[in-house]
Structure formats: structure tokens, C-alpha cells
Amino acid sequence: RGHITPCAPLHTSHTVDYVIFVVLLVASAGIGLYYAFSGGRQRTTQEFLLADRSMRCLPVSLSLLATFQSAVAILGAPSEIYTHGTQYWFLGCSYFLGLLIPAHIFIPVFYRLRLSSAYQYLELRFSKSVRICGTMTFIFQMVIYMGVVLYAPALALNAVTGFDLWGAVLAIGLVCTLYTALGGLKAVIWTDVFQTIVMFAGQLAVIIVGTHQAGGIAEVWRKAQNGSRISGLDLNPDPLERHTFWTLGVGGIFLMLALYGVNQAQVQRYLCSRTEKEAIMSCYAVFPCQQIVLTLGCLMGLVMYARYGEESPLDQGYMVLYFVMDVLRDLPGLPGLFVACLFSGALSTISSAFNSLATVTMEDLIKPHVRPMTEARATLLSKMLALAYGLVCLAMAYIASLMGSVLQAALSIFGMVGGPLLGLFCLGMFFPWANSTGALVGLASGLVMAFWIGIGTVMTTLITSKPRSILLIKAVILASVAKTALYSLSYMWYSAHNSATVVVVGLLVSFLTGPWKEKDLNPGTIYPVLGNLLFFLPERYREKLCCVTPLEDNVSHLNSTKQNPVSNTAFLLPL
């Protein structure tokens, strides 16, 4: 899978293509160098990890968009539309609640607590052990995902220029590591802004030229309709169906919450905003941008179908790359622009991963367990952590090369691991009686369930699709008998299923081991969603249900300490 033989005749790169590619890398590295030697010169952890909490709405919103708008989506979405039709477009329906809930629930809680890491919240709400478990789960999630998004654009470069695949992996990884380790979060955010513009330009170039060659947008639409690629509203409630309105529009909400609500890479951007209002506005601004990105992916898939019909030139993993070179091979510069588009998606995602991983490792695993260190030493250590994660990312790219469907693999990983983390935060924020034991058991149950479903689905598919011996045939029979509905569950429901497992198990264990009372919890750690929903009950009943104290009162009390909430209120944590 390291080389794409059928694409060899389409290697028609010109000098200008290489120039565009080099400009992307140089510009990204230049931004990192600029912030390394300007302003505060990244001399404090606040500047390196949180951009001095000084960022405005526009760059933060574009960075939020770019963080998970990687080459995975750029390559995967058009292939999905080409193969299965426009049903995938209904994922856009999940964006509304998937961004509205973080804006008005998660951001106020995180921002008013003045945290550096989202997992500091887990210690405030539960205990230090829950915080460590949450941090380790996030690290595992992001390290695996980095491999996927690093491998995809390297594959693109191999297809376009014939450049050595693993040489490309090394080039991307080193450039990204350089500007992340030198320039900190400011460099990451401003390179995200630059890379977002490049991503839009690359996709638009392919769509415009491809549409023109296909005879216009009306002809593209006509061919897509004739080929049954324009999907209607599928209201089939069966959760085993891969893509329906419910799996995409409802299951997608939980995926969005896992990404934009509690993922450290995004939370860190909210926390670096100048004010809470600007953090909320940046989340709102992502909504139209996400719709545009989704629409561009769908249009590219339809243009691909208008060009090739049912005769796919390659398998799904390589289709977009072949299409781009086929369409743009006589237009010097545009192939390079699309490769730059893919690289931009990868760079923005990987750099965000490096920075967020360095943050949680520093704030959650090192600072609480070592004697106080100087600010200069802490900042240097944070930079070294970003560098170390860059090297880990290079190693993980090999594993990504063994995966199948790029889009589904990446989303499945986030569903498998992001879902339990979402459930853990929801358990803490919405259910005051949940205790530390319930949180730990709930998280463990969610992760076990996630990997049971995920690994079981993959193994069942491999066994049933490629029986090569008598032993495998016997395994097929056993798998057919033992296969449950869970193995057929749409991957879009992974986040919802796994987060619900954490909440249900966590609540059951909490009630069995002694539920906590709201008055004993750290102020500002509970969002009063139950109090708002049960407003019609008398206050004495709502008080028994632990849902009477509004968030504003709690937070104002917490902020009166005027210091780090973790260090000042840790002694208040229930035992």
C-alpha cells in the first residue's frame, strides 16, 4: 500500500507545483519562528501553551475549524459521496447542536474555572486519579489519530510526484514539530489560519476545473441524479444502518461534542480567548465554516462521479488523488495547490495534537507530581514534550498505513475513545451525585465497551471477508453464530453508545457506593442542566435532587480565590 502503481502515468508535476509545496512548508515554519522570537518569545508556559489568553474570535474560530479538518476529511468525504451518494451531507444537521451545546455549557464551565487543561476539571470534580485516567485516555486517542492524519497527505505526495512515501512523512512531521515546539499555541493558531485558506483554495480549484470539464454544474447534477447519487431524507431508525438521517444527524451530535466540547485540542483554544464571549463567538463562527467544508467535499464527490460514473479507476482510498491528477494534470501549479491543501489539513491537525499533548502531559502528569519548578524550566520542558510527541507521531504513521477506509478509521477511533471521555465529562457536569468511584468504573466500562465493539467489528469483517484456510472457515462459522447487533452498529453511533455507557454505569456505581451531595462539591464544577429542566418543581425537591445552585453563583465563589483553582480547592474534594 506504500505505492500507487495505477497513478504512475499521471505524474506530471511541474516546477511550480514544487514551489507551491515548498512555500507552504516555509510559511508554516516561518510563522513558528516569528512567534519564537517576538512578543514574549515563548518564555512562559502561559504564552507557550495558552497564547497568554489573548487571542481574538476570528483566528480562534478558523483554528477550531482546521484542527480536525484534516487530510482525512479532504480525502474521505468525496470518496464517501462518490461511492454512497449525498446521504453523508446530513451530517451537517448535527453541527447545530454539536456546536451550540459546547458554546453554552462546556465553554462557560471551562473558561470560568480558568483551567489550562480540560482534565484539571476532573480533579476538581472527582479526584486526582480520575484526572490521570482521563489524561492517559486522551493521550492514547491523539497519538493514534496523529498517525492517520500524517500518513494521508504523505500518500498524496507519493501519488502526485512519486516522492518517497516515508520521506514525505518525515518532512511533514519535522516541519510541524519545528514550528509547534518553537512558536507555541500562537504559532499553531496563526498557521491554522493560513492553512485553512490554502485548504479552501485547493478544494475550490479542483471543483471549479472538474465542473468545467464535466460540462457545468447542471450536467454534474444530472449525471449524479441518473446514477442515484442524490440521496433523499432517509428516516430509517435502524441504528445498524451505516448512514441515515438519524445516524448522521443525531449520532453525529455526540461525535461533535466529543470533538468540540471536551477534546483538549479545542478546549485549549477556548481557554486562550481574550474573554468568554469571544470564546463562545468563535464556536458559533465554526458552524457556517463547517457547512461550507462539508458542501465542498460533497461537490467534489459529485464531480468525481460525473467524470467516472460507475467505473471507479481505483479503490476508494486512492480515488480522490487519481481524480485530482487526472483533472489538473495540464494545469501547472494546481496539482501542487491541492497537495498543499492536503498538507495544510495535516499540519493544522498534527500541530494542534502536539501542543495539546504537551499541555496535558505538563499540567496533568508532571506539575502535580514534582516539586515546584521555575517558569523557564517549565516552559523548556513543555517545548521538549512537543518535540517528543513529534517523534512519536512519525512512528505512528506506519500503523496508519495499514488501515483501510481513511475516513471511517479516523472517525471510529474518535468514537471509540472520544465517546467515553465525553461521557466522563457529562457525568461530572450534569449529575452532582456521581462520585469518584463511579467515574473510574464508568470510564473503564466505556472503554471496554468501545474496544469490544470496535475491535470485534474489524475482526468479524476481516474473518468473514477473506477466509483463506479451514481454520478461518471455522472462525467464520463461529463469528456468524456469535455476532451480535453491536458489531453491526453504525460507526456514527459509537460516541453516543460509549458515552451513554459511562454515564449509566457511573451513576449506578455512585448510588451503590454512596452518592455525593452538591453542597460538598467544588463550586463551579456542576452545570445546572437538571435544575433548568426541572424548574417547575418546588425548591425543596430540587435541592434533594442536587440541582438548585446556578453556575454563576458557584463560579463567582470559586474565582474569589484569585489563584489556580486546582491548587486552592483540591482540599475540598470529597473523599
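Colleague: Which residues have the most contacts inside the largest nonpolar core?
Modeller: This is a predicted model, where local features need pLDDT of at least 70, side-chain atom pairs count only at pLDDT 80 or more, and totals for chains, interfaces and linings use all residues. A nonpolar core is a set of buried Ala, Val, Leu, Ile, Met, Phe, Trp, Tyr and Cys residues joined through side-chain atoms within 4.5 Å, and buried means under 20% relative accessible area with a 1.4 Å probe, protein chains only. The largest such core has 153 residues, and those with the most contacts inside it are Phe106, Phe110, Tyr121, Phe126 and Phe323.

Colleague: Which helix gives the largest share of this core?
Modeller: Helices are DSSP runs (H or I, at least four residues), numbered from the N terminus. Residues are numbered from 1 along each chain as its sequence is written, and side-chain values use heavy atoms, leaving out hydrogens and water. With 16 residues, the largest share comes from helix 8 (residues 165-214).

Colleague: At what angle do helix 8 and helix 13 pack?
Modeller: Axes are lines fitted to C-alpha atoms over the stretch in contact, and angles run from 0 to 180 degrees between N-to-C directions. The axes of helix 8 and helix 13 (residues 276-308) lie 9 Å apart, and the packing angle is about 30°.

Colleague: How many disulfides are there?
Modeller: A disulfide is a pair of cysteine sulfur atoms within 2.5 Å. For Cys393, the nearest cysteine sulfur, that of Cys176, is 7.3 Å away, and Cys393 is in no disulfide. By this rule the count is 0.

Definitions and conventions
Buried means under 20% relative accessible area, exposed over 50%, partly exposed in between (1.4 Å probe, protein chains only). Helices (H or I, at least four residues) and strands (E, at least two) are DSSP runs, numbered from the N terminus.
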